[in-house]
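Here are some notes to read beside the model. Keep the structure open and find each element as it comes up.

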Amino acid sequence: MITFAFSFLFPFLVSLLVVQSVAKNVKKAPQGWRMTPILALISGILALLPVGGLPLARWLIGMNANFSFPLLAIAFNKAWENATGSRVLDHNASMASWIFGLALGLALYPMALGLGGFDPYGLGWGLSWLFAFLAMATIVLLLMKNRFAVVLIACILAYDLHLLESANLWDYLVDPFFVFLSFGALSNRLIGLLRKVLSDRKGMNGNGQETASTG
């Protein structure tokens, strides 16, 4: 029962993000303790709205059976930022989540789809090297005071409580949507850094030419 109820959380957050975006477009700020409950209520109604005999939220679950906890945390972080103007996951935590998502996606999906003779998905059943890796990553992030460590702790707790419709640890850590989102975020970050470097170089060259012409 708790697993079925929990499956509505991510679709609810997606619905809330959409409703918040619509509110912005009609120039209604989604922030504030008056507006947030209204938007949350609308999002809940949309998630439970029956379509073809199923709640709309379950149609999203039909696209992807299990949405990972890091993706859930990212969606919650964005919805919280829209509602309050503050972030639960700061820049360092967000970067850690993107790197984590892309790294695990590259480690899992190519081999799970038949590249090579080993299927790492099997490591997600019970205690394994995957669990050891998760524990080590959590400890390192805690020592670095990176907030993404809290997300990984939540993954462990959720796995113990069987909150997802899966008994495999991989499904709590990563999913295709999280991987694509991580790839997009890191690519965007890399492009931004390259543009900044090129802009700085262009500015230095311009200043050098101006100095030379003045001399």
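1. At what angle do the axes of helix 2 and helix 4 cross? This is a predicted model, so treat each value as computed from a prediction. The two axes cross at roughly 110°. They come within 9 Å. Angles of 65 to 115 degrees count as roughly perpendicular, so helix 2 and helix 4 are roughly perpendicular to each other.

2. Now look at who touches whom in this pair. Helix 2 brings Phe10, Pro11 and Val14 to the contact. Helix 4 brings Ala57, Leu60 and Ile61. By class, the contact of helix 2 with helix 4 holds six nonpolar residues, no polar ones and no charged ones.

3. Stay with helix 4, which spans residues 56–63. Which of its residues are buried? Ala57, Arg58 and Ile61 are. These three cover an arc of only 95° around the axis, which puts them on the same side of helix 4. On the other side of helix 4, Gly62 and Met63 are exposed.

4. What do the buried residues of helix 4 pack against? Their partners are helix 1 (2–6), helix 2, helix 3 and strand 2 (54–55).

5. Next, turn to helix 2 (residues 9–25) and helix 3 (residues 35–48). Their axes come within 8 Å and cross at roughly 130°. That makes helix 2 oblique to helix 3. The crossing of helix 2 and helix 3 is right-handed.

6. The contact between these two helices can be read from each side. From helix 2 come Phe12, Ser15, Leu16, Val19, Gln20 and Ala23. From helix 3 come Leu39, Ala40, Ile42, Ser43, Gly44, Leu46 and Ala47. How do the residues of the contact of helix 2 with helix 3 divide by class? Nine are nonpolar, four are polar and none is charged.

7. Last, move along the chain to leucine 142. This residue lies in helix 7, residues 129–143. Is leucine 142 buried, exposed or partly exposed? Its relative accessibility is 45%, so leucine 142 counts as partly exposed. The cut-offs behind that call are under 20% for buried and over 50% for exposed. Leaving aside neighbours within four places in sequence, leucine 142 is in contact with Ala149 and Ile153.

Notes
Residues are numbered from 1 along each chain as its sequence is written. This is a predicted model: local features need pLDDT of at least 70, side-chain atom pairs count only at pLDDT 80 or more; totals for chains, interfaces and linings use all residues. Side-chain values use heavy atoms; hydrogens and water are left out. Axes are lines fitted to C-alpha atoms, for helices over the stretch in contact, and angles run from 0 to 180 degrees between N-to-C directions. Helices (H or I, at least four residues) and strands (E, at least two) are DSSP runs, numbered from the N terminus. Angles under 35 degrees count as roughly parallel, over 145 as roughly antiparallel, 65 to 115 as roughly perpendicular and the rest as oblique. A crossing is left-handed if the near helix is turned anticlockwise from the far one by less than a right angle, and right-handed if clockwise. Contact means heavy atoms within 4.5 Å. Ala, Val, Leu, Ile, Met, Phe, Trp, Tyr, Cys and Pro count as nonpolar, Asp, Glu, Lys and Arg as charged, and the others, Gly among them, as polar. Buried means under 20% relative accessible area, exposed over 50%, partly exposed in between (1.4 Å probe, protein chains only). The arc is that of the directions from the helix axis to the C-beta atoms.
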